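Opening the notebook on a new structure. I'll jot down what I look up as I go.

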Amino acid sequence: MTEPPVESQYRNAPRPKPTLAQRIVAFTFLGAFGLTMLTVVLTGLWVRSPSARRAPETTAVTLALDEPRSVNLVFDSRAPVRDVELTVDLPAGIELVGRPGERRIVWHTSLAAGSNALPLTLVARSGMGGELAARMRHGDERKTFAVSLVVANR
(Lines give C-alpha, C1' and ligand atoms only; values in the text may rest on other atoms or scores of the structure.)
Protein backbone atom coordinates (compact mmCIF):
# COMPACT_ATOMS: atom_id res chain seq x y z
CA MET A 1 0.00 0.00 0.00
CA THR A 2 1.14 3.50 -0.80
CA GLU A 3 1.17 6.25 1.75
CA PRO A 4 -0.39 9.58 0.78
CA PRO A 5 2.02 12.45 0.20
CA VAL A 6 3.04 14.39 3.27
CA GLU A 7 1.50 17.69 2.10
CA SER A 8 -2.01 16.24 2.00
CA GLN A 9 -1.80 15.63 5.74
CA TYR A 10 -1.53 19.41 6.33
CA ARG A 11 -4.21 20.48 3.90
CA ASN A 12 -7.00 20.29 6.42
CA ALA A 13 -4.93 21.35 9.38
CA PRO A 14 -5.97 24.67 10.96
CA ARG A 15 -3.67 27.60 10.17
CA PRO A 16 -1.98 29.34 13.05
CA LYS A 17 -3.27 32.84 13.71
CA PRO A 18 -0.84 35.70 12.93
CA THR A 19 0.87 37.17 15.92
CA LEU A 20 0.26 40.75 17.01
CA ALA A 21 3.62 41.82 15.56
CA GLN A 22 2.77 40.23 12.19
CA ARG A 23 -0.60 42.00 12.11
CA ILE A 24 1.03 45.37 12.92
CA VAL A 25 3.61 44.91 10.15
CA ALA A 26 0.93 43.94 7.61
CA PHE A 27 -1.33 46.86 8.59
CA THR A 28 1.59 49.31 8.43
CA PHE A 29 2.64 48.05 5.00
CA LEU A 30 -0.88 48.20 3.58
CA GLY A 31 -1.45 51.65 5.07
CA ALA A 32 1.80 53.02 3.64
CA PHE A 33 1.07 51.47 0.25
CA GLY A 34 -2.45 52.94 0.23
CA LEU A 35 -1.23 56.41 1.18
CA THR A 36 1.44 56.25 -1.52
CA MET A 37 -1.14 55.35 -4.16
CA LEU A 38 -3.46 58.12 -2.94
CA THR A 39 -0.59 60.64 -3.15
CA VAL A 40 0.24 59.55 -6.71
CA VAL A 41 -3.39 59.85 -7.83
CA LEU A 42 -3.98 63.24 -6.19
CA THR A 43 -0.69 64.63 -7.54
CA GLY A 44 -1.64 63.49 -11.04
CA LEU A 45 -5.05 65.13 -10.75
CA TRP A 46 -3.53 68.39 -9.47
CA VAL A 47 -0.89 68.54 -12.23
CA ARG A 48 -3.49 67.95 -14.93
CA SER A 49 -6.08 70.33 -13.49
CA PRO A 50 -7.08 73.42 -15.52
CA SER A 51 -5.85 75.73 -12.75
CA ALA A 52 -2.32 74.31 -13.12
CA ARG A 53 -2.35 75.23 -16.83
CA ARG A 54 -3.79 78.68 -16.31
CA ALA A 55 -2.02 81.53 -18.08
CA PRO A 56 -0.05 83.89 -15.88
CA GLU A 57 -1.95 86.88 -14.61
CA THR A 58 -1.42 90.16 -16.43
CA THR A 59 0.40 93.04 -14.80
CA ALA A 60 -1.69 96.10 -13.94
CA VAL A 61 -0.41 99.67 -14.33
CA THR A 62 -2.32 102.73 -13.12
CA LEU A 63 -2.19 105.91 -15.20
CA ALA A 64 -3.37 109.38 -14.19
CA LEU A 65 -5.10 111.53 -16.82
CA ASP A 66 -2.68 113.64 -18.90
CA GLU A 67 0.39 112.51 -16.91
CA PRO A 68 3.03 110.54 -18.85
CA ARG A 69 4.12 107.25 -17.31
CA SER A 70 6.88 104.92 -18.48
CA VAL A 71 6.06 101.23 -18.77
CA ASN A 72 8.86 98.77 -19.52
CA LEU A 73 8.01 95.66 -21.50
CA VAL A 74 10.75 93.07 -21.10
CA PHE A 75 11.32 90.38 -23.71
CA ASP A 76 13.69 87.51 -22.89
CA SER A 77 15.63 85.79 -25.65
CA ARG A 78 17.97 82.80 -25.38
CA ALA A 79 20.01 83.95 -28.38
CA PRO A 80 20.27 87.08 -30.51
CA VAL A 81 17.35 87.37 -32.95
CA ARG A 82 17.25 89.65 -35.99
CA ASP A 83 14.23 91.07 -37.81
CA VAL A 84 11.63 90.82 -35.08
CA GLU A 85 8.32 92.55 -35.67
CA LEU A 86 6.82 94.20 -32.57
CA THR A 87 3.20 95.35 -32.56
CA VAL A 88 1.69 97.29 -29.67
CA ASP A 89 -2.09 97.73 -29.52
CA LEU A 90 -3.30 100.42 -27.12
CA PRO A 91 -6.78 100.68 -25.59
CA ALA A 92 -9.01 103.64 -26.45
CA GLY A 93 -7.95 106.84 -24.69
CA ILE A 94 -4.33 105.76 -24.15
CA GLU A 95 -1.54 107.17 -26.33
CA LEU A 96 2.14 106.60 -26.82
CA VAL A 97 3.97 109.91 -26.25
CA GLY A 98 5.11 111.23 -29.64
CA ARG A 99 2.44 109.27 -31.50
CA PRO A 100 -0.87 110.94 -30.66
CA GLY A 101 -4.02 109.23 -31.89
CA GLU A 102 -2.29 105.99 -32.95
CA ARG A 103 -3.75 102.87 -31.38
CA ARG A 104 -1.47 100.38 -33.18
CA ILE A 105 2.28 100.88 -33.44
CA VAL A 106 4.39 98.45 -35.50
CA TRP A 107 8.17 98.41 -35.88
CA HIS A 108 11.02 96.02 -36.68
CA THR A 109 13.97 95.50 -34.38
CA SER A 110 16.55 92.97 -33.20
CA LEU A 111 16.73 91.27 -29.82
CA ALA A 112 19.96 90.61 -27.94
CA ALA A 113 20.50 87.44 -25.92
CA GLY A 114 19.03 87.89 -22.44
CA SER A 115 16.53 90.51 -21.32
CA ASN A 116 15.48 93.24 -23.74
CA ALA A 117 13.56 96.20 -22.30
CA LEU A 118 11.15 98.19 -24.44
CA PRO A 119 10.32 101.42 -22.60
CA LEU A 120 6.96 102.90 -23.59
CA THR A 121 5.93 106.32 -22.31
CA LEU A 122 2.15 106.28 -22.15
CA VAL A 123 -0.36 108.99 -21.37
CA ALA A 124 -4.06 108.59 -20.62
CA ARG A 125 -6.19 111.14 -22.45
CA SER A 126 -9.62 109.71 -21.56
CA GLY A 127 -11.48 106.51 -20.85
CA MET A 128 -11.23 103.79 -18.27
CA GLY A 129 -8.13 102.06 -19.60
CA GLY A 130 -8.01 98.52 -20.92
CA GLU A 131 -5.47 96.00 -22.07
CA LEU A 132 -2.24 96.88 -23.83
CA ALA A 133 -1.28 93.96 -26.07
CA ALA A 134 2.31 93.61 -27.27
CA ARG A 135 2.87 91.03 -29.99
CA MET A 136 6.26 89.78 -31.08
CA ARG A 137 6.67 87.91 -34.38
CA HIS A 138 9.76 86.29 -35.86
CA GLY A 139 9.12 83.97 -38.81
CA ASP A 140 6.45 81.48 -37.71
CA GLU A 141 6.98 82.16 -34.00
CA ARG A 142 4.54 84.48 -32.25
CA LYS A 143 4.24 85.60 -28.64
CA THR A 144 1.72 87.92 -27.04
CA PHE A 145 2.17 89.88 -23.82
CA ALA A 146 -0.54 91.84 -22.03
CA VAL A 147 -0.53 94.70 -19.54
CA SER A 148 -3.73 95.92 -17.91
CA LEU A 149 -3.91 99.72 -17.94
CA VAL A 150 -6.18 101.42 -15.40
CA VAL A 151 -6.98 105.13 -15.58
CA ALA A 152 -7.25 106.61 -12.09
CA ASN A 153 -9.95 109.12 -11.27
CA ARG A 154 -8.64 112.31 -9.74
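Which strand does Thr 109 lie in? I find Thr 109 in strand S5, residues 104–111; strands here are DSSP E runs of at least two residues, and helices H or I runs of at least four, numbered from the N terminus.

Ground rules: I'm looking at a predicted model, where local features need pLDDT of at least 70, side-chain atom pairs count only at pLDDT 80 or more, and totals for chains, interfaces and linings use all residues. Residues are numbered from 1 along each chain as its sequence is written, and side-chain values use heavy atoms, with hydrogens and water left out.

Back to Thr 109. I noted it as partly exposed because its relative accessibility is 28% (buried is under 20%, exposed over 50%, partly exposed in between, with a 1.4 Å probe and protein chains only).

The lining has 13 residues, and Ser 77, Val 81, Met 136, Glu 141 and Lys 143 lie nearest the centre. Strands S2 (69–77), S3 (81–89), S7 (129–138) and S8 (141–152) each give two or more residues to that lining.

Last stop, Leu 42. I place Leu 42 in helix H2, residues 20–47.

Notes: On a 1 Å grid over the protein atoms alone, a cavity is a set of points where a 1.4 Å probe fits but cannot get out, and a pocket is an open set with protein on both sides within 12 Å along at least five of seven lines; lining residues have an atom within 4 Å of a point.
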